[in-house]
Amino acid sequence: MTALDPLFAPRAITVLGASATPGKLGAAMTDSLASFPGPVMRVNTGRPDPVQGFFRTIGEATEAHGITPDLVVSCIPAAVTAAALREAAAAGARAALVCAGGFAEAGGDGARHQQALAEVVEDTGIRVLGPNTSGFLAPHRRLTASFVPGVADLEPGPVAVVAASGGVNHALAFALAEAGIGLRLGVGLGNSLDVTQADVLRHLAEDDGVRAVALHVETAAEGRRLTEAVRHLTGRVPVVALVVGRSDIGDFARSHTGALATSWRVTRTALRQAGAVLVDDERDLVDAVTALSRVRLPAHPRPGIGLVTAQAGPGLLLTDDLRSHGIQVPPLVERTVKELRELLPALTYLNNPVDTGRPSPAITQVVERVSEDPGIDVTAVYGLLEPTAVDLPAALAAARTATPLVAVVGGPVEQARVTRRQLGEAGIPCAATPASGSVMVRALVEDAAARARLEATVGTASDAPALPLPGPVDEHAAKGILADMGIRTPLRRVCADPAAAHAALDELGGPVVVKILDAEILHKTEVGGVQVGVRTHEELDDALARLPASPAQLIEQMAPAGPELIVGVRRDPVFGPVLALGAGGTAAEILGDVSLRLAPLSANEAYAMLDELTTREMFLGARGATPVDRARLTHVLLALASLAAENAVAECEINPLRVLPDGDVVALDAVLLLRDPRDQGGSDDA
């Protein structure tokens, strides 16, 4: 029993604005609800006709039917919806589906109508799905609260759809049906005035009939409430997420770190970190949930894939796509190769992928031997339907594999469709093309890896140090805070006049870097506030003369040359503290080469961030260079995550973080921005 049972598992339903006139919303919804096994009461204040089953009020309908409706389906205009739902709540209704548009999405009076509806929710406690949605589908309850034609024919099954858009909800429901996968619950959120994606996910976590969830996200206003719901749900069933907004460039704060992360990236990062499998389009979403509704691997940081192909070319496509996504296709051990050599003709390739040459009855044993190899966690098979050579579906269904099996089957359209359905019913996910097969395998692997990551504990590098009083923080003070957290910084001196600067040069020795020290200037190079390579007193005088006016100067030992990173943390208005790692300089901004995580995070998550950069080889010892000390870099990331936990911190950025010849890293520049005390009391979760 959940708080949303009155919505998704009602005993009785009332339709407000019910109609017998074809083409009207109330008529379409009433027709769609005809299959519901409980009472469906029809209310139309303008044309009551008790003989035909239409009533003036909910009270009259309730009295006639002898039962109070749990769910009210509203098909009336926005302007009168709030008053009608207030009356429904007074009559005992506990949930409402509001289909009409004309609310906040329309602007003008629509915003006022939505506010009035929100006040009804707050005053009465009635749960509202919508407004501005085409409804929801629960085929196993014969409940199709939707005005979209054809939904009543959808079969029940194990996949739930939670979509921001009612249209996407229905599109995915039909696509799943085409793939031979039935629907457990399909929900379109619409404006999400009350019931949100997090609410629906929490409801699904209590439903034993759900085997996988397809999540479509347009905005993530719930922030960490959404990610907490995903994390909670993925402990029981997999979640596959499609996030819309790739081209949206967020209006971020002043630091480079802010410029790196769009809201699309942060949302994807948050969902992935919570355990969701990410996909790029709706086709991949259907393939991924199809596979995960039938197979789920144990938690594993990097499962190995065994490939068997009866046609070499398509098998190579599948292999190449998997490897290009970083999926492990390991060589088979000698014992496995020896057993395969006894089963297959000469000249076939036997060391993963295994090429059988042609389909034959031996494919059953080949698949079994590959699945038993110690390095294999999933076995994938490609084959064309050649009935004269082998009954492929029967051969695969008969295989007693040591690992889960994924099939990719091609052939005449209708025969292949029937085969995919047969294999699916046998618990074997089956794709139509190598690309779709790769998506299925990757979904299984990424889900297993996500749960392995979630098993790691969240850690911190150290306690955050005492922060200065609210106000501007200059570079020297920012570096002092980083140094207190165990992050290496250059030796430096703050100088109030030229004499002190010359004394600092004598003490530190050349070469040094000369900088203005002004907390109001975040990016000193843009105003000519940095002079490098100063070795002599004459060069120092020239450097000081070229600097813009500032309260003081910072004289700093110059670090040896080396590759550079940017590390930063900012406070996202929706998700709270977000940690970023990218290539230093402008590469991260121009190329989008950045890895993100929500803070706090585990040491394993922090360690893995470098591996996600396109430029990672620069920092891993390319061309004989000293690789970065991964432990030291992880410490820096965890330290900034700890700093972000301090509610007073708005942003902190190290740019550049240079890799030294010994592999250690040093913070050459640092920006620290503190929050206005008036902004520190609220939650980061909008």
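Start at Glu-538. Its relative accessibility is 55%, so Glu-538 counts as exposed. Exposed means over 50% relative accessible area, buried under 20%, and partly exposed in between, with a 1.4 Å probe and protein chains only. Glu-538 sits in helix α20, residues 537-546. Helices here are DSSP runs of H or I with at least four residues, strands are runs of E with at least two, and both are numbered from the N terminus.

A word on the model. It is predicted: local features need pLDDT of at least 70, side-chain atom pairs count only at pLDDT 80 or more, and totals for chains, interfaces and linings use all residues. Residues are numbered from 1 along each chain as its sequence is written, and side-chain values use heavy atoms, leaving out hydrogens and water.

Now a contrast. Gly-576 is buried, at 0% relative accessible area. It lies in strand β25, residues 576-583. Gly-576 and Ala-645 are 69 residues apart in sequence, yet 9.3 Å apart in space, C-alpha to C-alpha.

Next, strand β5, residues 95-98. Strand β4, residues 71-74, pairs with β5 in the parallel sense over 4 bridges. To count as a pair, two strands need at least two DSSP bridges between them. Leu-71 stands opposite Ala-95 in β5.
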